[in-house]
Amino acid sequence: MIGFLILVAPKGGAIRCMTKFSFSKIDGIEISDILSNIATKNFVKLNEQRVGIKNVDASTFSGYIDYDFFYLYNPFPEEVMKKVLLQIKAQIDSKKEIIIIYNNPMCHKQIIKHGFHKIKEFPDMWGNGIFVYSNFQNTQRLKHL
């Protein structure tokens, strides 16, 4: 099972993009009750069975182990990002490669500091860039990038 987790999924737009790919599980984390309810209703209407919205605080979320890919669109200030990265690192087996896709990577230094390696950089339409990271120095998952 390959899981994809969107960190901060306000209404589900990024999640909807991921439904075009063959992930077996696509979830989003959203701390706001109002926004997580909107996103949940959106995916019920779309009858998308692979999608789930979790109304939780990303810095205390205990389910990171269930995911292989993470997408972030600069969702947190630096202090929260530190806590989230510590949670991810504590929960992920060191033998399992995970990929972080980070759009508008304002906390790039924190990701590197927590042991991730930037494996690719893509331009975006706003000039902020999209960085791709792996917890493995020599990625096995994305050799084709």
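Buried means under 20% relative accessible area, exposed means over 50%, and partly exposed lies in between, with a 1.4 Å probe and protein chains only. This is a predicted model, in which local features need pLDDT of at least 70 and side-chain atom pairs count only at pLDDT 80 or more, while totals for chains, interfaces and linings use all residues. Residues are numbered from 1 along each chain as its sequence is written, and side-chain values use heavy atoms, with hydrogens and water left out.

**View A. Asp66 and Lys25 are joined by a salt bridge.** The N to O distance is 3.9 Å, where a salt bridge is a side-chain nitrogen of Lys or Arg within 4 Å of a carboxyl oxygen of Asp or Glu. Asp66 lies in the loop between β3 (51–54) and β4 and Lys25 in strand β2 (residues 25–29), so the pair ties together parts that are 41 residues apart in sequence. Strands (E, at least two residues) and helices (H or I, at least four) are DSSP runs, numbered from the N terminus. Asp66 is partly exposed, at 38% relative accessible area, whereas Lys25 counts as buried at 18%.

**View B. Asp27 and Lys54 also meet in a salt bridge.** Their N to O distance is 3.9 Å, and because Asp27 lies in strand β2 and Lys54 in strand β3, the pair ties together parts that are 27 residues apart in sequence. Asp27 is buried, with a relative accessibility of 4%, while Lys54 is partly exposed at 28%.

**View C. Gln91 lies in helix α3 (residues 78–91).** With 15% relative accessibility, Gln91 counts as buried. Leaving aside residues up to four places away in sequence, Gln91 touches Phe61, Ser62, Gly63, Tyr64 and Ile65, contact meaning heavy atoms within 4.5 Å. The Gln91 side chain also reaches the backbone nitrogen of Gly63 at 3.5 Å.

**View D. Tyr64 belongs to the largest nonpolar core.** This core has 23 residues, and those with the most contacts inside it are Leu7, Tyr64, Phe70 and Ile100; a nonpolar core is a set of buried Ala, Val, Leu, Ile, Met, Phe, Trp, Tyr and Cys residues joined through side-chain atoms within 4.5 Å. At least two residues of this core come from each of β1 (3–7), β4, α3, β5 (99–103) and β7 (130–134), and α3 gives the most, with 4 residues. Among the residues that Tyr64 touches, not counting those up to four places away in sequence, are Leu5, Ile29, Val84 and Gln91.

Note on methods:
A polar contact is a pair of N or O atoms within 3.5 Å; within protein, one must be able to donate a hydrogen and the other to accept it, and residues adjacent in sequence count only if both atoms are side-chain atoms.
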